[in-house]
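Reader: I have a structure open here and have not looked at it before. Can you walk me through a few parts of it?

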Amino acid sequence: MDASSLPHAWTEDTRTPIVQFSFHGSSYGLYLLSIPMWIELVCFIVANASLAALFSIVLYFVVVRNPSTKLAYLTGFGIFLPFWIFAPKVLCSFCDLQNKIFLFCVCVVTPNVSIFRITEAIFGFTPEYAKKSLSSFALYFASPMYLVYDKKSDKFLKVGWTKVLWHLQRFVGFLIFTGLLQSLFTLSSFFPSYGQGTPSNWYHISEIFNPVMWKSSILYAILFQFYLATFGEGLSFVTTLITRRQVVAMMNNPIFGSNSPAEFWGRRWNSLIHTCLKNGVYKPVRKLGGSREMAVLASFLASGLFHEWILPVVIFDHDGPVPGTTSLFFVWQAMLISLEYTVGHWKIVSNITRSLPGLVKTGLVILSGAPLGHWFCDGYVNSNFFVHGHIGLMALLPLKDE
């Protein structure tokens, strides 16, 4: 790799350690996080958001003001949705993005949010405050994070510099902690490896019942949670800095704080996408006459299909994953939530869940996702996603000449 290239082309870690030391006969180095990488990434995200703001002008007059009409269906499904599905790939190819983190952020953040904000507009579920004026909708549609709206004052909540700097402090903290956490995957044999291609037995049925695979899936999920938390704080910092408006937190410690699958996916894991799916898939399905369980299944299936598109287009650089397996993981989660909705109110079930300690319930939630968790993780852990991501994070690693 040419060391003078911009961060979006970085595929190898060429940093020099700021501290070197020896321990038990091996040499290690402490590497600082890459500020240039995050600065350029912010530039791409702002450019994406600016494109979304321009796009929102046409969407506002054609779809938002004419929901549930033939015009909305034809232009929404025929023009606006295809644009956000295919345009990011063209942009990534034009800019020659090679780093998986850049590919992920450019092709996922704004496009993903835009796709589901378009479907919510088609069916008339754009929030009332966003429909008040073109400027309100442009701010809503272009923002990569949801802004906090106060119904009493009929305004978005403003923030001062103290809150902006608070998000910056948390972002830097996550960059350091997530990087050191990822270092453990290299330093300790307890943690599984990543970035080495999909093992031949990855999709064998026997792996669904393999406790070792369960452990690996849980550890991968923890690392991915902190990646998303890091991205979320970065987006929160950039959004509050530019808009000076308060944002909705993206992650709320889902793996260690959830007491049920519904709480995990509905209130803790990636609130940004949860709200998009709720307004863009769940509510439209209910409007069309679907049951609650059907709407939940449709939401998770939509998420699965989007991930199916992300993996080959954005992340994977070798054979795998098996088509459909990511969607099956999300269908399994939808089935768990539907089961919770069906039997959760039964007296015997309520009595049992109330008597269980919080840690036990959290453990059961984690275990419920473990059998198929590796199907979801494949695209991230067996590609260079985490390899490229570590370039931008604090790292404690063996020296490269060891």
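Predicted model: local features only at pLDDT ≥ 70, side-chain atom pairs only at ≥ 80, totals over all residues.

Author: A place to begin is helix H11, whose buried residues are Thr 325, Thr 326, Ser 327, Phe 329, Phe 330, Val 331, Gln 333, Ala 334, Leu 336, Ile 337, Ser 338 and Val 343.

Reader: Where is Ser 338?

Author: Ser 338 sits in helix H11, which covers residues 325-343.

Reader: And why does Ser 338 count as buried?

Author: Its relative accessibility is 15%, and buried means under 20%.

Reader: What is Ser 338 in contact with, neighbours within four places in sequence aside?

Author: With those left out, Ser 338 touches Glu 293 and Val 296.

Reader: How far apart are Ser 338 and Ile 57?

Author: C-alpha to C-alpha, they are 38 Å apart in space, and 281 residues apart in sequence.

Reader: Back to H11. What span should its 19 residues have?

Author: At 1.5 Å a residue, H11 should span 27 Å, and its end C-alpha atoms are 27 Å apart, so the two agree.

Reader: New topic. What about helix H8, residues 261-268?

Author: Helix H8 is largely enclosed by the rest of the structure, because six of its eight residues are buried.

Reader: Which residues of H8 are buried?

Author: Pro 261, Ala 262, Glu 263, Phe 264, Trp 265 and Arg 268. After H8 comes Asn 270, with a positive phi near 45°.

Reader: Now H3 and H9. At what angle do their axes cross?

Author: Roughly 25°, and the axes of H3 (residues 100-122) and H9 (residues 271-287) come within 7 Å. Angles under 35 degrees count as roughly parallel, so that is how H3 and H9 lie to each other.

Reader: Is that crossing left-handed or right-handed?

Author: The crossing of H3 and H9 is left-handed.

Reader: Which residues meet there?

Author: From H3, Asn 112, Val 113, Phe 116, Arg 117, Thr 119 and Glu 120. They meet Leu 272, Ile 273, Cys 276, Leu 277, Asn 279, Gly 280 and Val 281 of H9.

Reader: How many of the residues in that contact are nonpolar?

Author: Seven are nonpolar, with four polar and two charged residues making up the contact of H3 with H9.

Conventions
Residues numbered from 1 in each chain as written. Heavy atoms only, no water. Helix = DSSP H or I, 4+ residues; strand = E, 2+ residues; numbered from the N terminus. Buried < 20%, exposed > 50% of the residue type's maximum accessible area, 1.4 Å probe, protein only. Contact = heavy atoms within 4.5 Å. Expected span 1.5 Å × (residues − 1). Axes fitted to C-alpha atoms, helices over the stretch in contact; angles between N-to-C directions. Parallel < 35°, antiparallel > 145°, perpendicular 65-115°, else oblique. Left-handed = near helix turned anticlockwise from the far one by under 90°. Nonpolar A, V, L, I, M, F, W, Y, C, P; charged D, E, K, R; others polar.
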